[in-house]
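Please keep the sequence and the structure at hand while reading.

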Amino acid sequence: MADRPDAPLHLSVLSQESIELLRPRPGAVIVDGTLGLGGHAALILERIRPGGRLLGIDRDEAALEAARSRLAGADPPPVLRQGNFADMAAIAADAGLERVDGVLLDLGVSSPQLDDPGRGFSIRSEGPLDMRMDRRLPLAAGDVVNELPERELARLVRHLGEERWADRIARFVVQRRPLRTTRELAAAVEAAIPRAAWPRDIHPATRTFQAIRMHVNDELGSLERGLRGAMDVLSSGGRLVVISFHSLEDGAVKRFLRMESRDCICPPQQPVCTCGHRASLRVLTRKPVRPSEAEVAANPRSRSARLRAAERL
Ligand SMILES: C[S@@+](CC[C@H](N)C(=O)[O-])C[C@H]1O[C@@H](n2cnc3c(N)ncnc32)[C@H](O)[C@@H]1O
């Protein structure tokens, strides 16, 4: 299963660390909910034979095709499905898998998605305002940019982009409507942020693009549902591994793992437990696992990665 020279390039982030924590064993059934280019999947497949099964899910048809070609001839042959990992339980059931031994989520977008101007994720090259991972979705970035009321656009950019210039950005965008391309959106953001306040290490429109992308793809909502879905399919002793690239995502994963690893979730001031909540997870990473300096040097995209893992009780 050697990589083909013409395969689109995406360096899997925290691959050794994630595989160690996921612990795929011979005969195991694993869900890779963010198949992407199949980098993690290839490592998993090597470890679950003989007899194991891998279900690979991706929202993006192009990613699925690339993974299908990369993993062609793999033993065992993976089962690949286009869909949202938020629907993991239904997709797994449809593939004949009721219980699984591991779930991996490597969130966000892949390098080929970012690098293809036609997908509209890229700030630096001209492309349509699209940003949908699944092109069957009705809402594209252009609809958000051109149709949301200014206040809502500002709120979205502030919240999902953690952007302090959100109000000015929304005002400039609304003044320039209709915006048709990624460069037009980037130019509106560049104009809105005073040059002296431009960030040094990222493009000034990075946070705005990220916010719009997360909104278009309902990335936080999918994550919440995906974490619940993982609980529905994981068998006792099964492992959940999540790699996130955004503080809001990492925060959501951290809160979920903390909550699900506690026996009681009553407010601390309450003297007697009334919630009846029981722990269903054991957290394996007290602190998030971060990429090594060597990995960041080799793959700058890994810089913001945080990995958290837990075991189903
Ligand atoms: C960071 S890449 C994964 C890379 C992959 N682990 C590898 O090693 O090649 C993230 C992938 O997850 C997909 N994705 C993001 N959110 C998703 C969701 N909610 N459901 C299914 N796929 C999703 C994206 O389309 C993208 O292909």
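Predicted model: local features only at pLDDT ≥ 70, side-chain atom pairs only at ≥ 80, totals over all residues.

Helix H11, covering residues 219-233, packs with helix H12, covering residues 247-260, at an angle of about 30°, and the two axes are 10 Å apart.

**Helices H11 and H12**

- Angles under 35 degrees count as roughly parallel, and H11 and H12 are therefore roughly parallel to each other.
- The crossing that H11 and H12 form is right-handed.
- From H11, the residues Glu219, Leu220, Leu223, Glu224, Leu227, Arg228 and Met231 meet Leu248, Glu249, Ala252, Val253, Phe256 and Glu260 of H12.
- Sorted by class, the residues of this contact between H11 and H12 comprise eight nonpolar and five charged ones, with no polar residue among them.

**Helices H7 and H8**

- Helix H7 (residues 150-161) and helix H8 (residues 166-175) have axes that come within 8 Å and cross at roughly 135°, which makes H7 oblique to H8.
- Where H7 passes H8, the crossing is right-handed.
- On the H7 side the contact is made by Glu150, Leu153, Ala154, Val157 and Arg158, while H8 contributes Ala166, Asp167, Ile169, Ala170, Arg171, Val173 and Val174.
- Divided by class, the contact of H7 with H8 holds eight nonpolar and four charged residues, and no polar ones.

**Helices H1 and H2**

- The axes of helix H1 (residues 15-22) and helix H2 (residues 39-48) come within 10 Å and cross at roughly 40°, which makes H1 oblique to H2.
- H1 and H2 cross in a right-handed sense.
- Ser15, Gln16, Ser18, Ile19 and Leu22 of H1 make the contact together with His40, Leu43, Ile44 and Arg47 of H2.
- The contact of H1 with H2 is made up of four nonpolar residues, four polar residues and one charged residue.

**Ligand surroundings**

- The ligand is surrounded by 26 residues, of which the closest are Ser12, His40, Asp58, Asn84 and Asp106.
- His40, which also takes part in the contact of H1 with H2, has a polar side-chain atom that lies 2.8 Å from a nitrogen atom of the ligand.
- Gln113 places a polar side-chain atom 2.9 Å from an oxygen atom of the ligand.
- At Leu37 a polar backbone atom, rather than one of the side chain, is 3.1 Å from an oxygen atom of the ligand.

Conventions
Residues numbered from 1 in each chain as written. Heavy atoms only, no water. Axes fitted to C-alpha atoms, helices over the stretch in contact; angles between N-to-C directions. Helix = DSSP H or I, 4+ residues; strand = E, 2+ residues; numbered from the N terminus. Parallel < 35°, antiparallel > 145°, perpendicular 65-115°, else oblique. Left-handed = near helix turned anticlockwise from the far one by under 90°. Contact = heavy atoms within 4.5 Å. Nonpolar A, V, L, I, M, F, W, Y, C, P; charged D, E, K, R; others polar. Near = heavy atom within 4 Å. Polar contact = N/O pair within 3.5 Å; in protein donor to acceptor, adjacent residues only side chain to side chain.
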